[in-house]
Amino acid sequence: MSTQWQVAEVVGGVPENDTARTIRLRVDGLTGHLAGQHIDIRLTAEDGYSAIRSYSVASAGMDGHLEITVDELPDGEVSPYLVRDLAIGDKLEIRGPVGGWFVWRPINRNRVQLIGGGSGVVPLMSMIRAHQASSNESPFRLLYSLKSPETSLYRDELARLDRESAKLMVDYIYTRSTPEGWPVPPARLTSDAFLGRIFPPEENPDVFICGQTVFVETVADWLVMAGYPADSIKTERFGGTGGNR
Amino acid sequence: MGLVSSGFRGRRSGNPALPPGQHETQDFPVLTAGPAPLIPLGEWEFFIAAETGRRHSWTWNEFMALPQEELTQDIHCVTSWSKLGTQWRGVSLDTLFESVETTSDFATAHSFGGYTTNVPLWDLLGGKAWVVWEFDGEPLKRAHGGPARLLVPHLYFWKSAKWIHGLELTGEDVPGFWESNGYHLRGNPWREERYS
């Protein structure tokens, strides 16, 4: 882990949807990281003013490289620049990856329930990729709550893994609009809709929840009320101008 | 000056109340490692356990009978947001420590739900820290640490433990939860003590 600022070079940028983009960075000396960690990015303007934001790492296990996925906030200070203006060959200052709590380690043999709201799926995707790349055969399940199919991140990769991987199952909940032919209409989130699509408490899953504050608070409370032990639930929030902006 | 990103303008506030690397938010973001515990007031207590073995404790009613202070403070989260001029009501730790005899230099704050954070005692005394139960004129919401949280506004906000249960006084600085997970032992925002 490096907590000193260092220079990273932008070597790739792929749009995920209308507002989000995955940025690949070359980071000299990076030898892997834990799935679920974040980096800090510092942008500096010509007059010396600088702004720092944290972004979850989306990739897993690439020596010398890492990827972040940034969702543009309409009134954001940093995210519009990263999504719209940053070009291949540009250099950025980063610190990290850091964090030792909201992480999944391949040595952990418990089954894992991931719950993501919107762009909260980013650190969960890092865990899925690390799990896929490992010999860890514990089942993973992702429940991905989205406003609409168009707002999905990693849509093709998740669909392919859901189809082809025996150790990952992906479920979706749509709150505003659904894909064509979806069996249930879009609906507000409810406890029943959630609890019916995740590993039950008696299977003792490790639970990771990431999304906006209200989403995380609400879902975490439902899980505790349904009998999941509080210490089996790890949460990460994108609240206000907090975490991953 | 760091590496310049051409075309990046950013939004300068130039506000001297903001420590380096911080930006101001009008929201009150919630960041917690797990679900928020539910603590009925009848089961609430605040304790100070001295290294002598003596344990001082206050029930909710005893705590509310102590002198209450109103305060306006800036708070700074390590994830880079700051909220300026927040209003709180609670009891100064100076008041709570009046009856406590100790030679310890450090404290570990324990929360309901198991969270811990370490704070040097000199950062808790001398009008620098409180146990607060009201925010913006309303009882502190559970998501923000209600019924009561520690407030140590001159340090990064993870030191202001939500759902505070009590303080354990120690001779050594023992890393708490975030401090064991890569964060700084002291967490002074003006020195940008974010990570260990």
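Modeller: Two residues are in contact if their C-beta atoms, placed from the backbone, lie within 7 Å. This is a predicted model: local features need pLDDT of at least 70, side-chain atom pairs count only at pLDDT 80 or more, and totals for chains, interfaces and linings use all residues. Residues are numbered from 1 along each chain as its sequence is written, and chains are lettered from A in the order in which they are written.

Colleague: Which residues does Leu114(A) touch?

Modeller: Leaving out residues up to four places away in sequence, Leu114(A) touches Leu124(A), Met127(A), Phe140(A), Arg141(A), Leu142(A) and Phe208(A).

Colleague: How do I read a nonpolar core?

Modeller: In soluble globular proteins, nonpolar side chains tend to be buried together. A core here is a set of buried Ala, Val, Leu, Ile, Met, Phe, Trp, Tyr and Cys residues joined through C-beta atoms within 7 Å. Buried means 20 or more other C-beta atoms within 10 Å of a residue's own. The largest such core has 63 residues. Leu114(A), Leu124(A), Met127(A), Phe208(A) and Ile209(A) have the most contacts inside it.

Colleague: Which helix gives the most to this core?

Modeller: Helix α2 of chain A (residues 121–133), with 7 residues. Helices are DSSP runs of H or I, at least four residues, numbered from the N terminus. Apart from this core lies another, of 43 residues, among them Phe63(B) and Trp158(B).

Colleague: How much of chain A is buried?

Modeller: Of its 245 residues, 45% count as buried. Residues 24 or more positions apart account for 74% of the chain A contacts with a separation of 6 or more. The C-alpha trace of chain A spans about 55 × 40 × 30 Å along its principal axes.

Key
A residue is buried if 20 or more other C-beta atoms lie within 10 Å of its own, exposed if 12 or fewer, and partly exposed in between; C-beta atoms are placed from the backbone. Helices (H or I, at least four residues) and strands (E, at least two) are DSSP runs, numbered from the N terminus.
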